[in-house]
Amino acid sequence: MLNIALFGPPGAGKGTQSEFLIKRYNLFYISTGDLLRKEMAGKTKLGLEAQSIIAAGGLVSDEIIVQIIEKTITDNTGCNGFLFDGFPRTYIQAYILEGLMLKLHTSLSCLISLKVPEEESVRRLLKRGATSGRSDDNESVIRNRLREYNQKTLPVLQFYRDKGICTEVDGTRSIDEVTAQITELVSAELSKRLFNVVLFGYPGSGRGSQGKALAKKFDLEYIATGPMLDAEIKRGTELGKKIVALYENGQLVPDEIVVPLIEQKLAASKGVKGYIFKGFPRTLVQSYILDGLLQKRGSSISKIIEIEVPTLELIRRLDERSKTDACMPYDNATSKIVKRLSEHETKTVPVIEKYNQLHGVTKIDGMGSFDEVLARIAAEIDSGLKSMR
């Protein structure tokens with residue numbers, strides 16, 4: 001996800017640049033003031049709590065604010081990321097946002113600070129006040145607002161400078177020039193990001209062949225548990241013998257075997273543009289493990305795709321595969337095939353549902369020729385790459 005915090009004193013032009021960022025990168029706009037008003041208008045539990053505090057002349061607590069922001073993020077997973085305007089406002093809120101991002105398996109990509117001298121801000125706001133009719137557009141109120149902004153914001157900017165993700169932009173330039181500077185910054189950030197795809201589908205859906213073809217087409221690293229496990233079997237290792245026994249019983253290979261192999265593969269990959277994961281994660285536990293493995297590398301899941309194929313067609317395909325050199329140990333009996341399909345239903349479908357809640361899952365029709373299915377998936381990945389860049 002692309003998550004940006006946009007800062008700037010009153011009159012810096014944040015509204016104009018926010019509109020650009022939202023449209024250009026398909027971001028969801030998060031302003032704590034707007035969110036509070038929406039919750040209060042909807043008379044939600046949090047909205048009513050906030051309303052009672054405001055009515056009593058108090059300030060809405062960080063505890064309420066963070067719950068509203070978390071709810072907003074989880075309810076809007078279809079966007080490419082979020083644009084935070086006016087949050088975090090304090091040093092403590094910076095820590096709160098960091099914790100919230102970690103909980104949601106993402107992070108703040110960058111903080112962009114529009115730098116405008118105080119006298120220029122005052123000039124702009126007084127000019128606006130001449131036509132806006134706003135009572136707060138007078139010099140005394142303006143200077144108080146600027147003083148409060150500087151007192152609260154400077155520690156926040158330093159917090160993100162220390163993390164290396166705070167960049168200042170000269171806000172005194174023309175709108176087009178400021179937009180160009182911001183575009184350059186965001187493009188540089190996106191160029192450092194890995195594009196990671198998780199490919200789901202029942203056994204027999206074509207994930208393996210499609211995953212390899214997609215990795216080659218988009219120059220991504222293909223990571224599949226199957227080939228790694230097969231390599232152990234071919235080498236005749238003790239680990240390989242354990243894997244064969246599990247296959248013959250139609251069982252999933254446990255995390256104690258799979259995870260170290262995945263981690264070794266990630267560690268050995270240098271200079272890659274991203275990964276296509278096939279066969280991992282298969283369980284809810286593995287989904288948390290994958291999130292952690294990627295987060296250790298400053299990355300996250302970019303696209304989740306599920307290839308859909310009717311059950312009878314899956315059984316037909318797996319039965320046909322059992323008569324070829326591509327036969328897997330669990331293909332050689334109908335009972336084993338059914339067991340594998342059933343395990344996917346009980347263990348992997350909940351993973352897909354979890355990801356659908358957090359990120360959104362793209363469903364792809366797996367029926368038709370190999371090239372037809374490949375074209376459908378490739379179109380989705382191409383779209384994701386373009387929006388990311």
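Mentor: A residue counts as buried when its relative accessible area is under 20%, as exposed when over 50%, and as partly exposed in between. The model is predicted. Searching the whole structure gives 8 aromatic pairs.

One of them joins Tyr95 and Phe159 edge-to-face, with 4.8 Å centre to centre and 75° between the planes. This pair links distant parts of the chain, since Tyr95 lies in helix α5 (residues 91–103) and Phe159 in helix α7 (residues 139–162), 64 residues apart. Phe159 is buried because its relative accessibility is 6%, whereas Tyr95, at 43%, is partly exposed. Both residues also belong to one aromatic cluster, formed by Tyr91, Tyr95, Phe159 and Tyr160.

Another pair consists of Phe200 and Tyr355, and here the arrangement is tilted: the angle between the planes is 40° and the distance is 6.2 Å centre to centre. Again distant parts of the chain are linked, with Phe200 in strand β6 (residues 195–201) and Tyr355 in helix α15 (residues 334–358), 155 residues apart. Phe200 has a relative accessible area of 3%, so Phe200 is buried. Tyr355 is buried as well, with a value of 0%.

Charged side chains come into the picture too. The charged end of Lys354 sits over the ring of Tyr288, 3.8 Å from the ring centre. Likewise, Lys217 places its charged end over the ring of Phe218, at 5.9 Å from the centre.

Note on methods: Residues are numbered from 1 along each chain as its sequence is written. This is a predicted model: local features need pLDDT of at least 70, side-chain atom pairs count only at pLDDT 80 or more; totals for chains, interfaces and linings use all residues. Side-chain values use heavy atoms; hydrogens and water are left out. Rings of Phe, Tyr and Trp (its six-membered ring) pair if their centres lie within 6.5 Å; planes under 30 degrees apart count as stacked, over 60 as edge-to-face and the rest as tilted. Helices (H or I, at least four residues) and strands (E, at least two) are DSSP runs, numbered from the N terminus. Buried means under 20% relative accessible area, exposed over 50%, partly exposed in between (1.4 Å probe, protein chains only). A charge sits over a ring if NZ of Lys or CZ of Arg is within 6 Å of the ring centre and within 35 degrees of the ring normal.
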